[in-house]
Amino acid sequence: MRITLTVNGEAHRLDVEPRHTLADALREGLALTGTHLGCEHGVCGACTVLVDGEPVRACLMFAVQAEGCTVATVEGLAGPDGTLHPLQEAFSVCHGLQCGACTPGMLMTAVHLLAVEPTPDRDRIRAEMAGNICRCTGYVGIVDAVESAAATMAGREDR
Amino acid sequence: MTAAEHRPATGTAVRRKEDARLLTGRGRYVSDLVLPRMRHVAFVRSPIAHARLTEVDASGALEVDGVHAVFTGEHPALAAVALRAQSALPGYVETDQPPLARGKVRFAGEAVAAVVADDRYLAEDGAEAVVVDYDPLEPTVCAWTDPADVTDPVHDEAPDNLLLSRTFRAGDVEAALAAADVVVDRELTTNRHGGNPIECRAGVARYEAADRRLTFWSGTQVPHLVRTQLAELLDLPVGNIRVIAPDVGGGFGVKAVLYPEDVALCLIAIATPGVPLKWVEDRVEHLLAATHARDHRYVLRAGFAADGALLAVRADVWCNTGAYSVYPWTAGIEPLMAGGLLTGPYKLEHYECTVRGVATNTSPSGPYRGVARPSTVFAMEALLDSGARALDMDPIALRRRNLILPADIPYRMPSRLVDDSGAYEACLDRAVEVFDVDRWRAEQARRRDAGEKPVGIGVGIYNELTGLGRAASAGPRMPFRTGHDACTVRVNPDGAVTVFSGVTSQGQGLETTMAQVVADALGVDYDAVDVRIGDTDESLWGFGAFSSRQAVIGGGASHLAGAHVRDKVLELAGALREVDVADLDLRAGQVHVRGQEKPIISLSEVARVAYLQSDRLPEGFEPGLEGTKFYDPIRGAFAAGAQLAAIEFDPATGAVRILDWVCVEDAGTIVHPVIVDGQIAGSIAQGIGGAMYEHLVYDEAGNLSTGTLLDYLMPTSGEIPELRIDHVSVPAANPTGVRGVGEGGTLAPNAVVAGALVDALGVEVDDLPVTPSCVWELLHGGGDR
């Protein structure tokens, strides 16, 4: 089936089978392998992308369901000149990643969190990020990073 | 930065070299790899724990569009090959593991056939169309079943399912127990769980028939070991095999195994030359068929003197090794570690411990972060907690009474391992201070008086045997000794540095750590160093990631290679500028006469001469500027650690809530403080997962009843508390002074959670994990569990 969707600001036409997941369409069809698959049953959150601004498990959504949608993936976070998004920067500084497998999903979940709730406290961050499993960090660096990025982003808004 | 401002990279939280690609979705994982003409493999897996294979009918699968081939264990390409984990240990029963099941299946999840198709969807369609006829046999699930009840052994070679047993003996346990003032008994079990990295196993194999070359991209922790083992199994020269482990999405030991699926993929690739084959495991397969761990039983007796001195320990240990002796580590991996390290950081003269590795019809057990010691630390600390109750002593005071102290070092443990740490009391002291035991004791009393939910304090102290050299890695008596790694440091013609290190990384940031070590040993900036790892065609040698060994051993090799090349640079610089080499120093890529600010020559100019201007090469100098060194610490570096936690238990619901968690470790010299703390935090989180949530449960028929992440619960940011990590730093006797940190954090949480439970509620927990229902049943009586 032919679908059209916008990914990271770019319009794409894709030929997919009805059973192809959005995650596979992004990874195989568009070579956007930053979206990772950790469980393929919607629990681990590694494949989280934003569809029309809402976080979605790309392993649980068929590509055809994204017809006409706007999709944001980790590849679209940094600026065109390579400048890291404040969350990416904070994840690096706070050691919010080790192996990087959960990281794209963590980042997209955090992007959504800070969009709807710009200054969450640590308990809120822990609760909101609890849909994404990280096996490496013990979450300390991730919570630090989201908190730090929130402060950075709030500071920018104030200016 | 001027030379005067040059600071060592060691000890600094430099930006990780890995981050730029991993944060932007540009990582290079095997799962992402696409090659021309590539086909995909899906495995057909047994739904039955133990059965004779009477027929595998692939005809239906071959009619599925896009399916190219189906391979079974009997296929000529695979039929002659078996993985056979070898050990010279007396009494060890060697058994074969076929790449795909032959004759019978030994666990639910074992691969029976492999379907090759144009994409993974089609390969799975094909797998569904393969019809397998099973003739069920009696399964064994529990490793401490009476051997007399075994009617259908897992392997014919071991009629009682016993693959290995060994008794560790020191002193006279019988006499010491008879003389003890207090004797305590415990019978404990620990829960089967596993590594579950977020990226499951993955491989791509490509064979070029004309020159018999195999390239295997694999998410492995041990690429060089995979290469030598594949060479044996596939009958190819080692040099014809290239194993590449690019970015790997977590390992934790699970990927330190050469799996039958890996070997099958390579054999099928050899049978279909020129066609790259890709297999990416899904989570359901991972839970079913990647190695499990920690399914143990401990029957323990300990004797104490009235003053709290630990006099004797007797232990009987059963480790469930699953259906196969894990390749190449053997079924000894858990039992031998359990017997060797059970006594932990405590002085003990009289010790008798019999360990057994018992085959069952469950997924094979293998290395998982902390190998056996999360269980043995639980066992040892449970004995000390019981002893403290019997003696009416404070549990922390009882531990202090028995710890190996700096004055005892080197301390020969009853298993004859030599402990070089002795920093246990220092870690405990610091942990007690950071945690503030008095504050929590006061809170405990306040809650008791106010009738609020009780809180308990749990403690776990441990030794992490890290960086095992040739003398210490001798335990399982395998046909290889994992004591050494190599590193090549190359100064390129432009003066930049490329390091080819034998280490591998599954998130530990080894590119960064090795760059720091080389930058300091050579005398260049961190940013001038690029590190290549994980490719057997690039780096000379490394055994890989296990036993918290790489910072110690790979780091040692990196340091030695960096220092060696620095000497070469200075010799060439001295000859070029006619200055005595003894007066020269290399800092931030500039050669100085010691004490002088102005450099006499830059590293890049020295490199240009070495590669491009042989006319300027002084007499006796060969072109090029690189060096390779091996390092083997011979013994190892024990790392000490202590953890304390305050945990609340709700008697009404059984709910368990961690209020505070403190860990103090001796990581020796710390190369990258944030990476080190990240290793400790991550390992504590996995330990907490094992202590409270993660449990791979088989039913009596051998079906895994926790086959998805909805049943197998890994902790999230909602469960893991804020972790307070601190250090004592006693440099180890190796080139960089580091001690390993990868595993230590996992060792204590079982003991800490169980200890907090008895401290809060006065009931001893014998069977992990400590779930709400476990707590509730301990308090209210649960009948049959």
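A residue is called buried here if 20 or more other C-beta atoms, placed from the backbone, lie within 10 Å of its own. In the predicted model, buried residues account for 61% of the 785 residues of chain B and for 58% of the 159 residues of chain A. Because the model is predicted, local features need pLDDT of at least 70 and side-chain atom pairs count only at pLDDT 80 or more, while totals for chains, interfaces and linings use all residues. Residues are numbered from 1 along each chain as its sequence is written, with chains lettered from A and ligands numbered from 1 in the order in which they are written.

Chain B holds 19 helices and 28 strands, taken as DSSP runs numbered from the N terminus (helices: H or I, at least four residues; strands: E, at least two). Chain A, for its part, has five helices and five strands, arranged along the sequence as β-β-α-β-β-β-α-α-α-α.

Turning to a helix pair, the axes of α14 (residues 550-577) and α15 (residues 603-612), both of chain B, come within 10 Å and cross at roughly 85°; these axes are lines fitted to C-alpha atoms over the stretch in contact, with angles running from 0 to 180 degrees between N-to-C directions. The two helices α14(B) and α15(B) are therefore roughly perpendicular, a label for angles of 65 to 115 degrees. On α14(B) the contact (C-beta atoms, placed from the backbone, within 7 Å) is made by B:Val569, B:Leu572, B:Ala573 and B:Leu576, and on α15(B) by B:Leu603, B:Val606, B:Val609 and B:Ala610.

Note on methods
Parallel < 35°, antiparallel > 145°, perpendicular 65-115°, else oblique. Contact = placed C-beta atoms within 7 Å. Buried ≥ 20, exposed ≤ 12 C-beta atoms within 10 Å, placed from the backbone.
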